[in-house]
Amino acid sequence: MMRMTVLASGSKGNSTVIATHRTRILVDAGLSCREILRRMYVAGEDPRSLDAILITHEHQDHVQGVAVLARKLGIPVYFTEMTHRAWMRWLHPRKRMTYAEWLLQRQQGSATAGGESSNTSIATTTAMDEPDAELCEAASPERDPAALPSVAYFEAGRRFVVGDINVEPFTIPHDAADPVGFVFEGDGVRVGFATDLGYMPANARQSLRRCDLLMLESNHDTEMLRDGPYPWSVKQRVMSRVGHLSNEAAAEFLERNYDGQAAYVILAHLSESNNLPALARVSAERALCDRMSLLANKLLLAEQDQPLAAISL
């Protein structure tokens, strides 16, 4: 048996538990550590039983709580190498400056280096001698926001194993460093996971075949997005080929490319500003109902504010 519990799905945070009898994986940690733990308890999932965290990409709504949660539970985090690097850069932002500002900074540093070096040395030594000094805390590994118990790298297109779950990551088109979707296989069940993609490429369509459970993005209604409150630059990003899958695009996939094998289809990552659950559902139902062989599919909508009831197959 494999179980899938969507803890949260949307622009404010994403997190899902994939579990077999022996292994439990958290896919993304886009809520705070406290909120993820609370939702796991609400959903009947024991956080202490988690074996690993897998990250799809480095955007905040997928990684917000990953470091604190991983350290608290002492479990490894799986990234692609590019995603890990991008996540670390996000946690350690650097101030941007012009060349003129950089040159002035260097000139000021050279001017003060000779006369103030001894005073600086004394001040630094004094600070280091104080056990509660901020400098000591900043140097401590526990104070590094990117510190993790263990990091494991994977590559899109190469299968790997976590416990008794086989994981097949595949590349998706999104404006992140190295975004991926997943297919999980365990106990004879195949679960497809594809959110945060601007369109459905051939490799994703192929990977999502023969799934018993499918989680698919249905982010926005195109007309609502065009008429909505976002700045035009954000609207262009969302509608682009590295943005998010619209209701229409999700329905097109379900109608033309979906093989109909899943017992459940979960529509995920619905926009609160540019979509309505009823619109997402109607678009998907029309696509499925136009193909009589797919009428047995149970259609569910993942929510932002509360966990979806666990699905076991």
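**Figure 1. Burial and overall make-up of the protein chain.** In this predicted model, 47% of the 313 residues of the protein chain count as buried. Among the contacts between residues at least 6 apart in sequence, 67% join residues that are at least 24 apart.

**Figure 2. The packing of helix 10 against helix 11.** Helix 10, which covers residues 247-256, packs with helix 11, which covers residues 277-289, at an angle of about 20°, and their axes are 8 Å apart. Because angles under 35 degrees count as roughly parallel, helix 10 is described as roughly parallel to helix 11. The crossing of these two helices is right-handed. On the side of helix 10, the contact is made by Asn 247, Ala 251, Leu 254 and Glu 255, while helix 11 contributes Leu 279, Ala 280, Ser 283, Ala 284, Ala 287 and Leu 288.

**Figure 3. The packing of helix 1 against helix 3.** Helix 1 (residues 33-42) and helix 3 (residues 66-73) pack at an angle of about 65°, and the distance between their axes is 8 Å. Cys 33, Ile 36 and Leu 37 of helix 1 meet Val 68, Leu 69 and Lys 72 of helix 3 in this contact. Five of the residues in the contact of helix 1 with helix 3 are nonpolar and one is charged, whereas no polar residue takes part.

Figure 4. Ile 266 belongs to strand 12, which runs over residues 264-268. With a relative accessibility of 1%, Ile 266 counts as buried, because buried means under 20% relative accessible area. Once its neighbours within four places in sequence are left aside, Ile 266 is in contact with Met 4, Val 6, Leu 213, Leu 214, Met 215, Leu 216, Leu 300, Ala 302, Leu 308 and Ile 311. The view also includes Leu 299, which is 33 residues from Ile 266 in sequence, although the two are 6.0 Å apart in space when taken from C-alpha to C-alpha.

**Figure 5. Two residues with a positive phi, Asp 187 and His 269.** Asp 187 has a positive phi of about 55° although it is not a glycine, and its place is in the loop between strand 9 (180-186) and strand 10 (189-194). His 269, which is likewise not a glycine, has a positive phi of about 55° and lies in the loop between strand 12 and helix 11.

**Figure 6. Cysteines and the search for disulfides.** A disulfide is a covalent bond between the sulfur atoms of two cysteines. How many disulfides does a search of the whole structure find? The search finds zero. Two cysteines can be set side by side in this view: Cys 211 counts as buried, at 1% relative accessibility, while Cys 289 is partly exposed, with a relative accessible area of 43%.

Notes. Residues are numbered from 1 along each chain as its sequence is written. This is a predicted model: local features need pLDDT of at least 70, side-chain atom pairs count only at pLDDT 80 or more; totals for chains, interfaces and linings use all residues. Side-chain values use heavy atoms; hydrogens and water are left out. Axes are lines fitted to C-alpha atoms, for helices over the stretch in contact, and angles run from 0 to 180 degrees between N-to-C directions. Helices (H or I, at least four residues) and strands (E, at least two) are DSSP runs, numbered from the N terminus. Angles under 35 degrees count as roughly parallel, over 145 as roughly antiparallel, 65 to 115 as roughly perpendicular and the rest as oblique. A crossing is left-handed if the near helix is turned anticlockwise from the far one by less than a right angle, and right-handed if clockwise. Contact means heavy atoms within 4.5 Å. A disulfide is a pair of cysteine sulfur atoms within 2.5 Å. Buried means under 20% relative accessible area, exposed over 50%, partly exposed in between (1.4 Å probe, protein chains only). Ala, Val, Leu, Ile, Met, Phe, Trp, Tyr, Cys and Pro count as nonpolar, Asp, Glu, Lys and Arg as charged, and the others, Gly among them, as polar.
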